[in-house]
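I opened the model to look up a few residues one at a time. The notes below follow the order in which I took them.

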Amino acid sequence: MAGMNMQQMMKRARKMQEQLAAAQENLKSQTVDASAGGGMVKVTVNGEMELVNLTIDPDALDPEDVDMLQDMIMAAVNEAVRGVNELANKQMGAIAGGLNIPGMPF
């Protein structure tokens, strides 16, 4: 009987591993958009945490205030990265079913 439980547990673990791999692959194709400065800076980050698009409104280009532009870019990128993390946690957390797996953020 104990062998049966272990066999079922291994089967469930394999299924969960397949689902996690599929979710990770799906996440790669998703993107998160974010903006800062009232839309003066817009970014898109993909599921692999890569910045794939950056748009800067020409009105944001003030040679006298480069720091503000840098802050807007950082704010937009950080917001998009947080969005990707939330997306990943939702997808992976749904699969893991609330399991407390060491080293896993969900």
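I began with Met 49 and looked up its accessibility. Met 49 has 37% relative accessibility. The model is a predicted one, so I treat every value here as computed from it.

Next I checked where Met 49 sits. I found Met 49 in the loop that joins β2 (41-46) and β3 (51-56). I then looked at its backbone. Phi of Met 49 is near 65°, a positive value, and the residue is not a glycine. I marked this for a second look, because most residues other than glycine have a negative phi.

I moved on to Ser 35. I located Ser 35 in strand β1, which covers residues 31-36. Its relative accessible area is 34%, so I put Ser 35 down as partly exposed. What does Ser 35 touch, leaving out residues up to four places away in sequence? I listed Val 41, Lys 42, Ala 76 and Glu 79. I also looked up the C-alpha separation between Ser 35 and Val 77: 8.0 Å, for two residues that are 42 residues apart along the chain.

My last entry concerns Met 10. I placed Met 10 in helix α1, residues 2-28. Met 10 has 43% relative accessibility and therefore counts as partly exposed. I then asked which residues make the nonpolar surface patch that includes Met 10. Met 6 and Met 9 make the patch together with Met 10, and I noted its area as about 320 Å².

Technical notes:
Residues numbered from 1 in each chain as written. Predicted model: local features only at pLDDT ≥ 70, side-chain atom pairs only at ≥ 80, totals over all residues. Heavy atoms only, no water. Patch = residues over 30% accessible without salt bridge, like charges linked within 9 Å, V, L, I, M, F, W, Y side chains within 5 Å. Areas by Shrake-Rupley, 256 points an atom, 1.4 Å probe, with all protein chains shown as cover. Salt bridge = Lys/Arg side-chain N within 4 Å of Asp/Glu carboxyl O. Helix = DSSP H or I, 4+ residues; strand = E, 2+ residues; numbered from the N terminus. Buried < 20%, exposed > 50% of the residue type's maximum accessible area, 1.4 Å probe, protein only. Contact = heavy atoms within 4.5 Å.
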